[in-house]
Amino acid sequence: MPAEACLIVEQLPTASAELPALLKILASRYKLDAYNCRQRLLGQGQALLTRGPLDQLAQITRTL
């Protein structure tokens, strides 16, 4: 069983025009909850976006 890793992101202060499309990709391709991703991507500071296998998190990072 592969070790689980954490994907921590730097939050954006406001939503960009590309955010809705990004949320659809995260939901369809990586099976992440779009509402939770939006909540975690917007704000100030850093946030835990998701946990999982390192190879999957690397793919998500490239998408972001």
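Predicted model: local features only at pLDDT ≥ 70, side-chain atom pairs only at ≥ 80, totals over all residues.

**Q11 and the overall fold**

A: The side chain of Q11 has a polar atom 3.3 Å from the backbone nitrogen of Q44. A polar contact is a pair of N or O atoms within 3.5 Å, where one must be able to donate a hydrogen and the other to accept it; residues adjacent in sequence count only if both atoms are side-chain atoms.

Q: Which backbone oxygen lies 3.2 Å from a polar atom of the Q11 side chain?
A: That of L42.

Q: Where is Q11 found?
A: In the loop between β1 (4-10) and α1 (19-30). Helices (H or I, at least four residues) and strands (E, at least two) are DSSP runs, numbered from the N terminus.

Q: Buried or exposed?
A: Q11 is buried, at 15% relative accessible area. Buried means under 20%, exposed over 50%, partly exposed in between (1.4 Å probe, protein chains only).

Q: What does Q11 touch?
A: Leaving out residues up to four places away in sequence, its contacts (heavy atoms within 4.5 Å) include R40, G43 and A47.

Q: New topic. How many helices and strands?
A: Three helices and two strands. From the N terminus, the order is β-α-α-β-α.

Q: How much of the protein is buried?
A: Buried residues are 30% of the 64.

Technical notes:
Residues numbered from 1 in each chain as written. Heavy atoms only, no water.
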